[in-house]
Amino acid sequence: MIAAENRKQDNLMEKIVSLAKRRGFIYPGSEIYGGLKGTWDYGPLGSELKFNIKQEWWKAMVREREDVVGISASILMNPKVWEASGHTAGFTDPLVECKTCHQRFRADQEDIIKEHENQHKEKKEKTEWTEEKKFNLLVEAKIGVIEGEKNTTYLRGEITQGVHVNFKNVLNSSRLKIPFGIAQIGKAFRNEITPGNFTYRSIEFEQMELQYYIEPDENESMRQYEFWKNLRMDWYKKLGINPDNLRFREHTKDELVHYARAAWDIEYKTPFGWKECEGIHHRGDWDLSRHQQFSKEDMSYFDEAIKEKFIPWVIETSGGVDRAALFFLLDAYSEENDRVILKLHPKLAPYKVAVFPLLANKPQLVEKAREVYKMLKAGNFNVTWDDRGNIGKRYYSQDEIGTPYCVTVDFESLENDDVTVRDRDTAKQERVKIKKLKDCISNKLS
Ligand code: ATP
């Protein structure tokens with residue numbers, strides 16, 4: 001039974017990878033040159049999906065809140081930042097090398113290690129591993145124009161530090177008072193030892209993070225911690241992820257970084273096991289006090305109400321945009337007979353509406369459908385056009401990419417100024433007057 005379930009799940013991953021390539025969600029990076037391991041390019045639909053995920057995150061975490069602002073810091077930073085944050089010394093994964101074939105693996109990924117040993121076993125070979133070494137994940141970058149005088153820095157290994165180094169700038173240029181948060185979305189880079197599982201573990205990826213600054217108080221910090229932990233879990237559920245496929249997992253003592261007072265992950269049940277989607281971390285005063293120590297700048301906050309100066313504590317929520325995109329795709333995939341339906345939440349769907357003329361060779365229908373298309377295009381939602389093949393095929397094609405509504409202009413439309421609106425999930429159709437169509441769809445999407 002378990003084996004059958006696993007096969008089905010393996011299959012799901014293959015189906016998603018293939019659909020993603022075929023329909024323009026995600027392609028292998030630099031494919032025409034043989035690719036570059038651990039890099040992925042988002043196609044027309046994938047970039048819409050990613051954009052929508054980021055937009056929903058920004059709305060929930062910044063725009064709808066009074067206590068959070070956003071920034072966009074640079075990817076390249078003074079290398080001292082990474083000394084202060086502990087990344088140059090401690091941003092490592094344990095690496096082992098197979099002495100037989102010289103492939104390198106993360107020593108703590110037991111399933112992958114076992115799989116490799118089994119591959120050798122099948123060839124009647126023994127696997128011997130080298131001693132575990134610490135491997136730094138930071139990706140180096142050289143900047144400067146004079147050969148021999150270039151400075152080595154890093155492509156940021158996390159977007160977090162761009163926020164902390166700007167703590168004082170944001171404080172001084174806004175009227176925020178603690179507790180408040182600074183949010184950011186942006187790229188991060190890690191020299192992952194074993195990139196894999198499609199986009200799940202990549203070398204270049206995007207993160208969406210909140211650093212929430214609070215007073216240094218044990219009770220208050222745990223109250224805030226629980227608040228953000230639950231809010232983040234609810235975000236995934238509200239955007240349609242099946243709650244049975246989500247869980248919290250507390251970091252074990254071995255995983256917990258020394259400064260973290262609490263750390264839980266939100267995990268998603270993937271075909272390759274329960275995997276981290278987002279981490280919620282209680283970072284204490286680690287970041288600001290380290291930056292104060294290394295930069296010699298005062299990173300404290302003066303609380304007017306109590307006339308006290310302190311280094312704030314930080315609660316962090318740190319999620320991956322690419323992992324979220326992959327998990328939303330996996331969760332949305334469904335098959336009904338020979339129909340594939342990507343049941344993405346309408347807010348995430350790349351296109352909200354597709355407009356078709358019933359027949360592509362009837363100029364009157366095409367003209368009317370173009371009018372409807374143009375009218376909807378001028379709204380707030382993304383609209384696509386399709387006049388290829390028969391109407392059934394067009395519905396299937398839109399279902400497969402998650403378009404929630406299809407609008408068809410037929411002969412009745414010419415007489416009655418109305419159209420058919422078809423729902424992706426129920427396949428039910430209703431007639432709607434063209435003059436009410438924009439409002440009708442806006443209401444459905446809101
Ligand atoms: P893992 O244990 O899977 O390596 P992590 O605990 O190192 O992840 P964090 O440093 O907490 O991850 O990063 C926050 C988020 O950034 C993760 O929850 C994940 O969504 C995303 N992320 C981290 N590394 C990668 C990666 N290599 N590829 C894609 N997304 C990533």
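A residue is classed as buried if 20 or more other C-beta atoms lie within 10 Å of its own, as exposed if 12 or fewer do, and as partly exposed in between, with C-beta atoms placed from the backbone. The structure is a predicted model, in which local features need pLDDT of at least 70 and side-chain atom pairs count only at pLDDT 80 or more, whereas totals for chains, interfaces and linings use all residues. Residues are numbered from 1 along each chain as its sequence is written.

The C-alpha atoms of the chain fill a box of roughly 75 × 70 × 55 Å along the principal axes. Of the 446 residues in the chain, 33% are buried. The chain has 14 helices and 23 strands, where helices (H or I, at least four residues) and strands (E, at least two) are DSSP runs numbered from the N terminus. Two residues are taken to be in contact if their C-beta atoms, placed from the backbone, lie within 7 Å. Among the contacts with a separation of 6 or more, 64% are between residues 24 or more positions apart. The chain is divided into domain 1 (2-76 + 139-331), domain 2 (92-136) and domain 3 (351-445), with bounds that come from an automatic or database domain assignment. A distance of 29 Å separates the C-alpha centres of domain 1 and domain 2.

A nonpolar core is defined as a set of buried Ala, Val, Leu, Ile, Met, Phe, Trp, Tyr and Cys residues joined through C-beta atoms within 7 Å. The largest such core comprises 67 residues, and those with the most contacts inside it are Phe328, Val353, Val355 and Val372. Helix H10 (residues 321-332) gives the most to this core, contributing nine residues. Because domain 1 (2-76 + 139-331) and domain 3 (351-445) both give residues to the core, it lies between them. Apart from this core lies another, of five residues, including Val81, Trp82, Ala84 and Tyr154. When residues up to four places away in sequence are not counted, valine 355 touches Ala369, Val372, Tyr373, Leu376, Val383, Trp385 and Val407. In soluble globular proteins, nonpolar side chains tend to be buried together.

Strands are treated as paired if DSSP finds at least two bridges between them. An open sheet of five strands shows the order E20-E19-E21-E22-E23, with mixed pairing. Its edge strands are strand E20 (383-385) and strand E23 (429-433), each of which pairs on one side only. Neighbouring strands of this sheet are turned by 30 degrees against each other on average, direction ignored; axes are lines fitted to C-alpha atoms, for helices over the stretch in contact, and angles run from 0 to 180 degrees between N-to-C directions. Strand E22 (residues 418-423) pairs with E23 in the antiparallel sense over five bridges, and threonine 420 has arginine 431 in E23 as its bridge partner. Helix H11 (residues 363-377) packs on the sheet and touches strand E19 (353-357), E20, strand E21 (405-409) and E22. The direction of H11 makes about 165 degrees with that of E19. Helix H14 (residues 434-445) lies across E19, E21, E22 and E23, running at about 125 degrees to E23.

Strand E17 (residues 333-336) and strand E18 (residues 339-342) run antiparallel and are joined by four bridges. Glutamate 335 has valine 340 in E18 as its bridge partner. The two strands E17 and E18 form a hairpin with two residues between them, and asparagine 337 in the turn has a positive phi of about 55 degrees.

Further backbone features occur in loops. Most residues other than glycine have a negative phi, and most peptide bonds are trans. The peptide bond from isoleucine 178 to proline 179 is cis, with omega near 5 degrees, and proline 179 is placed in the loop between helix H7 (167-172) and strand E9 (180-189). Asparagine 197 has a positive phi, near 55 degrees, and is found in the loop between E9 and strand E10 (204-214). Phenylalanine 198, in the loop between E9 and E10, likewise has a positive phi, near 60 degrees. Asparagine 197 counts as partly exposed because it has 17 C-beta neighbours inside 10 Å, whereas phenylalanine 198, with 21 C-beta neighbours inside 10 Å, counts as buried.

Serine 397 is located in helix H12 (residues 391-401) and, with 17 C-beta neighbours inside 10 Å, counts as partly exposed. Serine 397 and glutamine 364 are 33 residues apart in sequence and 24 Å apart in space, C-alpha to C-alpha.
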